[in-house]
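Here is a briefing on the fold that follows. Keep the sequence and the model side by side while reading.

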Amino acid sequence: HGRLVVAVDGPSGSGKSSVCRAAARRLGAEYLDTGAMYRAATWYCLETGVDFDDESAVAVAVEETPLSLSTDPDHQKVWVGESDVTHAIRESRISEAVSAVATNRQARSVLIAEQRRLIDAAGFVIAEGRDITTVVAPDAQVRVLLTASAEARLARRGAELGGGQSAEALQRQVIERDVRDSAAANFTEAADGVAVLDSSELSFEETVDSLVGRIESVQ
Ligand code: C5P
């Protein structure tokens with residue numbers, strides 16, 4: 001397959017990770033979860049006891065993070081050095097701390113450079129995050145903003161976390177992270193040339209079909 005880059009952005013709970021992974025699997029593409037990179041860098045900061053109030057210390061730690069991740073949609077694995085952090089990076093202590101990395105300019109530029117390298121190496125790839133359509137890969141052949149209503153996003157996050165949290169706590173977490181994240185990247189409005197895919201009223205399969213259809217139309 002020739003070179004084809006698909007860029008997908010969206011807020012947390014829009015379902016973009018599972019939608020993009022399923023689309024990549026169906027099309028035989030690679031899949032890059034850039035959020036996992038921010039999470040892994042945050043895991044390393046916590047592991048090494050970096051002071052999150054010290055911006056340059058955070059930037060140094062992110063630069064030092066021995067991060068590697070697989071872009072195979074069937075075997076999503078994330079490592080920091082020898083540690084398999086695939087599951088650990090999903091813990092809420094990470095979600096709560098990740099904005100310290102996401103809003104750190106120097107840390108972002110380190111991670112963005114690495115993301116571009118991985119995209120270039122991949123050839124046919126679906127890359128997903130908050131700033132892929134605008135900053136990381138603005139020249140991607142397919143650019144999509146995956147949105148969903150606040151209600152739909154909360155319901156999906158709740159299902160993902162297994163109902164172990166009160167609706168109120170969940171709402172606070174999702175909305176607070178949106179607010180913090182929007183300081184780092186604008187993913188609430190589609191930039192010029194970016195198609196909006198609103199999944200509020202769509203099933204998971206319908207959302208995947210829609211994304212796959214857009215990709216097939218440029219192949
Ligand atoms: O997508 P996910 O929720 O795993 O992303 C974790 C965090 O990483 C986000 O809340 C955001 O702060 C950050 N992020 C980012 N830019 C990206 C992807 C993720 O700032 N491209």
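## Strand β7 and its neighbours

Strand β7 runs parallel to β8 (residues 195–198), and 4 bridges join the two. Leucine 145 stands opposite valine 196 in β8. The model is a predicted one.

**β7 in its setting**

- β7 is also joined to β1 by 4 bridges, and this pair runs parallel.
- Valine 6 has valine 142 of β7 as its bridge partner.
- Burial covers 6 of the 6 residues of β7, so the strand is largely enclosed by the rest of the structure.
- Both faces are covered: Val142, Val144 and Leu146 are buried on one side.

**Overall build**

- The protein has 9 helices and 8 strands.
- Its radius of gyration is 17 Å, which agrees with the value near 17 Å for a compact globule of 219 residues.
- The C-alpha trace spans about 45 × 40 × 30 Å along its principal axes.
- Of the 219 residues, 40% count as buried.
- Among contacts with a separation of 6 or more, 77% link residues 24 or more positions apart.

**Nonpolar cores**

- The largest nonpolar core has 31 residues, of which Val6, Ala7, Ala23, Ile126 and Ala127 touch the most other members.
- At least two residues of this core come from each of β1 (4–9), α1 (16–27), β2 (30–33), β6 (124–129), α6 (132–136), β7 (142–147) and α9 (204–216).
- α1 gives the most to this core, with 6 residues.
- Another core lies apart from this one; it has 25 residues, among them Met37, Ala40, Val58 and Val85.
- Leaving aside residues up to four places away in sequence, valine 6 touches Val125, Ile126, Ala127, Ala140, Val142 and Ile215.

**Helix α1**

- α1 has 12 residues and reaches 16 Å from its first C-alpha to its last, close to the 16 Å expected at 1.5 Å a residue.
- Its buried residues are Lys16, Ser17, Val19, Cys20, Ala22, Ala23, Ala24 and Leu27.
- An α-helix has 3.6 residues a turn, so residues three or four places apart point the same way.
- The buried residues of α1 pack against β1, β2, β6, β7 and α9.

**The β3-β4-β5 sheet**

- This open sheet has 3 strands in the order β3-β4-β5, with antiparallel pairing.
- β3 (67–69) and β5 (83–84) are the edge strands, and each pairs on one side only.
- β4 (residues 78–80) and β5 run antiparallel and are joined by 2 bridges.
- Tryptophan 79 stands opposite aspartate 84 in β5.

**Around the ligand**

- The ligand is surrounded by 16 residues.
- The closest are Gly35, Tyr38, Ala102, Gly129 and Arg130.
- α2 (34–47), α4 (92–102) and α8 (167–182) each supply at least two residues of this shell.
- α2 provides the largest share of the shell, with 4 residues.

Terms used. Residues numbered from 1 in each chain as written. Predicted model: local features only at pLDDT ≥ 70, side-chain atom pairs only at ≥ 80, totals over all residues. Rg over C-alpha atoms; globule rule 2.2 N^0.38 Å. Buried ≥ 20, exposed ≤ 12 C-beta atoms within 10 Å, placed from the backbone. Contact = placed C-beta atoms within 7 Å. Core = buried A, V, L, I, M, F, W, Y, C linked by C-beta atoms within 7 Å. Expected span 1.5 Å × (residues − 1). Pairing = 2+ DSSP bridges. Near = placed C-beta within 6 Å.
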